[in-house]
Amino acid sequence: MAYPVALSDLINCFKKLPGIGEKSAERMALALLDLPVSDIENFASSMVDSRNNLHSCEVCGHITDKDKCDICSNEHRNKNVICILEDYKSVFAFEKAGNYNGTYHVLNGLISPIDDINPEDINISSLVSRVEKLENPELIIALKSTIEGETTTLYIKKIFENKNVEISRLSYGIPMGTEIDYLDEITLDRALSDRKKISGE
């Protein structure tokens with residue numbers, strides 16, 4: 001189908017989003033044409049503002065528009081418990097579950113030698129710095145059950161061996177290879193409650 005150039009460009013923009021194919025992109029683009037110009041301008045402004053103003057929290061690596069994210073700034077959170085996640089999307093999944101009162105550490109990737117991603121390429125050094133300042137810290141490793149996830153888990157475990165750090169991981173009731181941010185709140189809450197200690201194995 002020959003779209004007008006402006007519409008074709010808009011459709012192609014939507015197709016860059018994950019899970020959006022040709023038909024979904026077309027539907028979204030056409031839906032925008034029915035919105036008031038003010039709504040479209042607000043939509044475009046919000047996208048630009050998000051891209052320009054959101055950055056990694058200086059403490060945990062989660063996204064924020066401040067120096068510290070709201071979780072790290074919350075004095076009521078248990079700072080001695082740190083849940084280690086691959087990316088910031090998983091933080092939102094845990095927060096939706098609603099029963100976790102610790103903090104997070106976002107790695108922004110997983111160790112994958114085949115992809116030339118090494119420990120120094122992800123957010124591990126700042127994790128070590130955080131843990132060294134804590135008393136009786138607990139690390140909850142919540143990474144996906146893939147080769148990369150397992151490699152990263154073993155590396156983190158090795159770093160903190162003999163350092164009086166309790167390390168646990170989410171229950172293996174989570175299906176192999178599942179992305180954390182795709183889990184429903186009940187499954188994630190049960191996996192967190194049933195986490196398994198892995199230090200000393």
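These legends describe close-up views of a predicted model.

**View 1. Four acidic residues form a negative surface patch.**
The members are Asp115, Asp116, Glu120 and Asp121. Take Asp116 as an example. Asp116 sits in the loop between strand 4 (102-106) and helix 6 (125-132). Is Asp116 buried or exposed? Its relative accessibility is 60%, so Asp116 counts as exposed. The cut-off for that word is over 50%.

**View 2. Asparagine 108 has a positive phi.**
Asparagine 108 also belongs to the loop between strand 4 and helix 6. Its phi is about 55 degrees, although the residue is not a glycine.

Which loop holds asparagine 162? It is the loop between helix 7 and strand 6. With a relative accessible area of 83%, asparagine 162 is exposed.

**View 3. Valine 165 is a buried loop residue.**
Valine 165 lies in the loop between helix 7 (147-159) and strand 6 (166-169). Asparagine 162 is placed in the loop between helix 7 and strand 6 too. Yet asparagine 162 is exposed, whereas valine 165 counts as buried. The relative accessibility of valine 165 is 10%, and buried means under 20%. Now find glutamate 138. Valine 165 and glutamate 138 are 27 residues apart along the chain. How far apart are their C-alpha atoms? The separation is 5.9 Å.

How many disulfides does the model have? The count is zero. Cysteine 60 is in no disulfide, and its nearest cysteine sulfur belongs to cysteine 72, 3.6 Å away. A disulfide needs the sulfur atoms within 2.5 Å. Both cysteines are buried. The relative accessible area is 2% for cysteine 60. For cysteine 72, the relative accessibility is 9%.

Notes. Residues numbered from 1 in each chain as written. Predicted model: local features only at pLDDT ≥ 70, side-chain atom pairs only at ≥ 80, totals over all residues. Heavy atoms only, no water. Patch = residues over 30% accessible without salt bridge, like charges linked within 9 Å, V, L, I, M, F, W, Y side chains within 5 Å. Areas by Shrake-Rupley, 256 points an atom, 1.4 Å probe, with all protein chains shown as cover. Salt bridge = Lys/Arg side-chain N within 4 Å of Asp/Glu carboxyl O. Lys, Arg positive; Asp, Glu negative; His and termini not counted. Charge placed at Lys NZ, Arg CZ, Asp CG, Glu CD. Helix = DSSP H or I, 4+ residues; strand = E, 2+ residues; numbered from the N terminus. Buried < 20%, exposed > 50% of the residue type's maximum accessible area, 1.4 Å probe, protein only.
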